[in-house]
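We will go from stop to stop, selecting as we go.

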Amino acid sequence: ALARQEPRAGLEHLSLRLDDLAREIVAELVPLADAGRIDLGVEAAHSATVRGDADALRTLLRNLIDNAVRYSPPGGRVDVSVTQAADGAVNLTVSDDGPGIAPAERGRVFDRFYRSAGTQPPGSGLGLAIVRAIADAHRATVELGEGPEGRGLRVSVTFPAAAA
């Protein structure tokens, strides 16, 4: 998946509704959330439009939401939000109440194969590297912060306004 996100000549970015893609991926991951007794929800602005590659954006959404669900404790909560600013920029936020990522490690988690010591569940350490590659290809920024009430993780991806 990471190799597929490397820069490709002639890649066409189409006008896409990020709100619809977010709802689609949340619906796909509801069974995983239900199995872990995770409250998974989405709140999305109508017609939050970005320019991009639909498959890549689905991968970005799936990685972020899947990670949030997997790292949240039983009975936890994952919130997905898509908002559009007055200037047309679109913000995707995925918040959870899991263990979070220490501020000192937040820069490193985008490195390929990096995993914090003792991290559960097991994984390859590529998920956030893939997210960063997709965001970069869409001229979007990715920021990590604390989740709700100072627990867990909040990942914000901000996309530039879609050209008319």
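Start with strands β4 and β5. They pair in the antiparallel sense, with seven bridges between them. This is a predicted model. Select Val 82, and you will find Leu 92 of β5 opposite. Then select Asp 79, which has Ser 95 of β5 opposite. β4 and β5 form a hairpin, and five residues lie between them. Pick out Gly 88 in that turn: its phi is positive, about 95 degrees.

**Stop two: Thr 93**

Stay on β5, which covers residues 90-96, and select Thr 93. Is Thr 93 buried or exposed? Its relative accessibility is 14%. Buried means under 20%, so Thr 93 counts as buried. Show its side chain next. A polar contact of 2.7 Å links it to the side chain of Asn 91.

**Stop three: the whole sheet**

Move to β4 again and look for its other partner. Strand β2 (residues 39-44) runs parallel to β4 (residues 77-84), and six bridges join them. Select Gly 41 to find one link: its bridge partner in β4 is Asp 79. Asp 79 is the residue that also stands opposite Ser 95 in β5.

Now colour the strands of the open sheet. How many strands form it, and in what order? There are five, in the order β2-β4-β5-β7-β6, and the pairing is mixed. At the edges are β2 and β6 (141-146), each pairing on one side only. From one strand to the next, the twist averages 10 degrees.

**Stop four: the helices against the sheet**

Select helix α2, residues 54-71. Which strands does α2 lie across? They are β2, β4, β5 and β7 (153-159). Against β5, α2 runs at about 25 degrees.

Go on to helix α3, residues 127-137, and show its side chains. Its buried residues are Leu 128, Ala 129, Ile 130, Val 131, Ala 133, Ile 134 and Ala 135. To see what covers them, show α2, β6 and β7, which are among the covering elements. Then step past the end of α3 to Arg 139. Here phi is positive, near 55 degrees.

**Stop five: a strand pair**

Select β1 (residues 14-17) together with β3. The two pair in the antiparallel sense over four bridges. For a landmark, take Leu 16, which stands opposite Val 50 in β3. Now turn to the faces of β3, residues 49-52. Val 50 and Gly 52 make up the covered face. Thr 49 and Arg 51 make up the uncovered one.

Zoom out and select everything. The chain has three helices and seven strands. Trace them along the sequence and the pattern reads β-α-β-β-α-β-β-α-β-β. Of the 164 residues, 43% are buried. Finally, consider contacts between residues at least 6 apart in sequence. Of these, 69% join residues at least 24 apart.

How values were computed. Residues are numbered from 1 along each chain as its sequence is written. This is a predicted model: local features need pLDDT of at least 70, side-chain atom pairs count only at pLDDT 80 or more; totals for chains, interfaces and linings use all residues. Side-chain values use heavy atoms; hydrogens and water are left out. Buried means under 20% relative accessible area, exposed over 50%, partly exposed in between (1.4 Å probe, protein chains only). A polar contact is a pair of N or O atoms within 3.5 Å; within protein, one must be able to donate a hydrogen and the other to accept it, and residues adjacent in sequence count only if both atoms are side-chain atoms. Two strands pair if DSSP finds at least two bridges between them. Axes are lines fitted to C-alpha atoms, for helices over the stretch in contact, and angles run from 0 to 180 degrees between N-to-C directions. Contact means heavy atoms within 4.5 Å.
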